[in-house]
Amino acid sequence: STTLQMAKKLVVVDTDCGIDDAQAILMALAAPNVEVLAVTCVFGNTVVENVCQNVLKVLSVCEREGIPVFRGCAGPLVGANNLCSDHFGTDGFGDVMKDRDPRWEEKIQKENAVDAMIRLVTENPNQVSLVALGPLTNLALAVRLDPGFPQKLRELYIMGGNMEGIGNVTLCAEFNFAMDPESAFIVLEEFTCPTYVASWEYSCRNSLPWEFFDQLINQDTPAAALMKKITSKCWAYSKEAMRNKRDVYFNPGFVSYDAYAMAACVDGSVVTETVRCPVRVELHGSMSRGMMALDRTNELKKIHSVHVLTKCDVERFAQLLLGSVQ
Ligand SMILES: [Ca+2]
């Protein structure tokens, strides 16, 4: 059939695997038009050792253990790793896992994540879509080790940053960028491939009703059961979370952050409006370190512009989420 003849989109997922990363990885695994070449791990929602174990758990639930998992950076380029979030529990998966695999390290590839990323992209020039769901440390190191790395990518999707100066972990900065502002700066200056940024405000402005979340996790499938389990004791998915900082700025709702970047990669029609402009990450402000600034009047005289996602087909996005747990 034509479907079989159609080349699949080759995807590398770089993740700090918390609960929303798991949802995004499930979406990639379920997409018939996507082949996940590798999952590379980075610190963020939890320490990188937990990230590796969480990724293995997701792959195991989907019986996709053949996809190689690589360990990457354990902290940011500059400064101490003291921001590690407990948003999704200390282990990133809501602290409910009792059946930790004592032999998980044997299941992680020997090659480190940054080397693997460079190798896979070099082996498949201009074919690999990279989807970055955590702090951008692995990507920043990749361009330092191989300056030609961005030119060999087909495209880059990032969940991170902000477009209206609204922060979540600090007043003006979003978590992934705030965790490693220098890496975010390097990536947005030096990755000249087509780049799509799903910011914090983009995901919050395209939230789904909590009733949809209940429908999603109550599907009778192993993937839905995993999502139900890891969200069961997590504050971020509790009733109290419905009156949090996010709701001061946006309408209350269920926001699966990383899934918005993955959805854009899996099905571009989900994104219905973008702003194309140069961007830069602030490194110095006492309130704005890690903030992404949009340069819509080209004051920075940059050559490269990125696609900042602004509007989403929420119905289509909801369909992709439901499909991701089937
Ligand atoms: Ca993430």
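The buried residues of helix α4 are covered by elements that include the strands β1 (9–15), β2 (34–41), β3 (69–71) and β4 (128–132), together with the helices α5 (137–145) and α6 (149–152). Contact here means C-beta atoms, placed from the backbone, within 7 Å. A residue is buried if 20 or more other C-beta atoms lie within 10 Å of its own, exposed if 12 or fewer, and partly exposed in between. Helices (H or I, at least four residues) and strands (E, at least two) are DSSP runs, numbered from the N terminus.

The model is predicted: local features need pLDDT of at least 70 and side-chain atom pairs pLDDT 80 or more, while totals for chains, interfaces and linings use all residues. Residues are numbered from 1 along each chain as its sequence is written.

In α4 (residues 113–123), Ala-113, Val-114, Ala-116, Met-117, Leu-120 and Val-121 are buried. These residues lie on the same side of α4 because they cover an arc of only 160 degrees around the axis, taken from the directions from the helix axis to the C-beta atoms.

Leaving out residues up to four places away in sequence, Ala-264 touches Tyr-157, Tyr-196, Ala-198, Val-270, Val-271 and Leu-309.

Of the 326 residues of the protein, 48% count as buried.

Definitions and conventions
Two residues are in contact if their C-beta atoms, placed from the backbone, lie within 7 Å.
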